[in-house]
Structures are given as structure tokens and as C-alpha cells.
Amino acid sequence: MAPRNGTPASAKTPLDESEVRPHARRRAAAPAVAPAVLPPYETIALVLQGGGALGAYQAGVYEGLHEAGIEPNWMAGISIGALNTAIIAGNAPQDRVAKLREFWETICQPAYGIPLLPVVEHALFDSTEPIRSAFTAMQAFSALVDGQKGFFVPRVPPPLPFVVGTPQTASWYDTTPLKATLERLCDFDRINSGETRVSIAAVNVGTGNFAYFDNSHTRLRPEHFIASGSLPPGFPATEIDGEFYWDGGLMSNTPLSEVIQSTPRRDTLAFQVDLWSARGAVPNTIPDVQSRVKDIQYSSRTRFVTDMMQHSQRFRHVLREVLARVAPEHRDDPWCKLAEELASSHRYNIFQLVYRDKEFEGNYKDYQFGVSTMRVHWQSGLNDIRLSLAQPSWLDMPDNDAGFVTHDIYRDLR
């Protein structure tokens, strides 16, 4: 693959201190990269984790992929990742970034309250650290009290603990506005056209089973995407064909294994965009404890899943090489036939992009909606994917004995 931006093939683009420190206050915009030249991957997947307001980071990652000319042919999402998936897959490539921006600028406004004038919001957000932290905490409080425009609103009156209602009303908030937003911004005929494969995950409330809704065998509707983000007790269970579903993040917050384990196996380039970091400082205050609990809970064993997939793929590659050394007269043996089913020569290249906390964020970061905060998240995602794509060899097809590689700028470019 040809180097991009004149970078020698042996060079790495270094990260400055603000790029590798999780709590850096400001990050300079990374330069845009030239259109990418890709090896012949059969699947280009975008895998989006759940994380509420942090999901604007995923929109920034998609913008960077789009400007590099990389368009996924498979999208898999959970919770806010499922909503971003709906916006991307439900629009023509040239409209996707604009529609994502419209979606985020809509849901980052209060549902009932009057939004601050942009000049006032930016003045508060760009002020001193104490003012900025207080302002962003106020944004989170506003989400709890007012809800978010085109997303969710508080139930009035709120549900009482011992009053029996219905599954659709057993929550603090009503997500009816979200259905109208998705119908306005997404073309569901395009989503179901098969142009892009779409997989979204939820949990069946009655059975406790993890469920994937996939447009290769199910006609997806707004309810499928809303179900994936129906996190209780804030949001109600969503009914689909007589069954009720909650947020898929209750069981697993990343759909990476769905992409890697799919059959028939294909050479795959996957961009895995996580909103919770498994690594973090040991907390020493109760709010920090609450924040760290969320990080650990929702990081969803990402490294474990990736390591397991890598070991499995190495086994399949080794098995393929062993079979190649079996004499032809023994290839009809039942054990050889079974080995052929398990073996694989396909290769997997995983870009891991993990959101890193900002110093002004607290344990409310997943519901800290606000235009200024959203733009910081978005720019972080755009920076991270630009820096990742600027590495000249990272897009190459894996050539190791496992046929499986992972890349992470915060791990590999320190």
C-alpha cells in the first residue's frame, strides 16, 4: 500500500502529550488524511459500542472514515451505537455526516427548557476549569429534569413504585420522541435494501437472551434501534412482535464478536469504536468510584473478546497449514473433513478506537448532553481516526501466523 501524506513507510506519526494523556484539556485537530488505498478486504465493518452522550465520539470517527473514502459494508451497534448506525446506514454516503450532525445537534438540546445562546454556552464552556465543570454538571442535571429534544422526556407524573402499569410505562422517561427523530432522519427502505449489512443487539426481557436484529433476515424498523438503547429503569422496554426488549449493553456492550465469528468467514477490516475505557485511575472519591464502575461495567471485556478471537483465528490458521500437509489419500477421512470445516485462511485487521475521558467529566458523562460537550467528543473521534489512518502500514492485510492484528494509537504510539 502506498504511503499517505508523504510519510515514509517505516515512520510512525508521533502523538504529542495531549494525545496520549486521558485527561488532556484540549487537543489540537489532527490533519486530514488522503483517501485510503485498501487491500481487497471482503468486509469493512464499523462496530459501535453503547455509551449515551459519549456517542458523538463515534460520529467523529465516521467523519474521518468518510473523508478517507472508507465506507463500511457492515455496521453493528448497541444502544447509542445502534442509533448512530441507523443514521449512517439510513442515508446516502454523501449525506451521512450532515445527518449525524443534525441528529446530535438536535438531541443535545433540552426537550422543554430554552437552550442557551451559543455565545453564552461557549463562554461558559471555555472558561476556567471550575466554571466549566460546574456548567457541564448543569448540562447533566438538565438532561435528568428536562430530557433531551427528539430523544426522551420525563414522565409526568412519574411512575409510583407500587402502582402496576405496563412495560411501556415502567420507566422514568418516555422515548416516543426518538421514533419521530429516526423516521425524520433515516430512510428505512435504504437500511433494509441490503446496501449495507446492519446488525443491532438487544436483550429479551422475558427470556434474558441476547438478540441480534439483522437486516439480512429481518426488516428493521425504528423500534429495533430504539430497543437496543432501552436502558432501564430510565427508558422503557420496547415491544417488537409481542416481545419486550431492553438495551443490549446489559449483557454485552460491543458487537465485535458478531462480526468476527460470522460465517462464511471473510477477510475483514473492522473499526471497533468503544466509549468506555477498561483502563483508568484508581478512584478516591465516591463520584469517581461511580464513574469507574461504569467504565468497567460497560467496557464489556473488549480486550478479552479481542484476545479470544485472536487465539481462535490462530488455531484456524494453524489447522489450515496442518491440513495442507496431509496426504491426499487421507483427506476424505471424517476427522479431516471436520478439520476443514474449522480451518480458515481468512484474515482480520481490527482498529480499536477508545474514547478517553476529559477532565471536566464526572460520573454523569453518559448523560451529559450539551452542544459544546458534544463537539469536543466529536472532535476527539475525528482526531483519533485521522491519527490511526495516518499510520502507513496499519491498513495492510495481516501476514502473521494468526492472520489477526489489532491497532490502537494509545497503545501502539506511546
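Q: Which side chains does the polar contact of 2.6 Å join?
A: A polar contact is a pair of N or O atoms within 3.5 Å; within protein, one must be able to donate a hydrogen and the other to accept it, and residues adjacent in sequence count only if both atoms are side-chain atoms. Here the pair is Asp247 and Ser79. Keep in mind that this is a predicted model, where local features need pLDDT of at least 70, side-chain atom pairs count only at pLDDT 80 or more, and totals for chains, interfaces and linings use all residues. Residues are numbered from 1 along each chain as its sequence is written, and side-chain values use heavy atoms, with hydrogens and water left out.

Q: Where does UniProt place the feature "active site"?
A: Such annotations may be inferred rather than shown by experiment; positions follow the numbering used here, and feature names are shortened. The unreviewed UniProt entry puts this one at Ser79 and Asp247. They span 169 residues in sequence, yet no two of their C-alpha atoms are more than 6.0 Å apart, so they gather at one spot.

Q: Is Ser79 buried or exposed?
A: Buried means under 20% relative accessible area, exposed over 50%, and partly exposed in between (1.4 Å probe, protein chains only). Ser79 is buried, at 11%, and Asp247 is buried too, at 2%.

Q: Which residues is Ser79 in contact with, leaving aside its neighbours within four places in sequence?
A: Contact means heavy atoms within 4.5 Å. For Ser79, the partners are Gly50, Ser228, Gly229 and Asp247.
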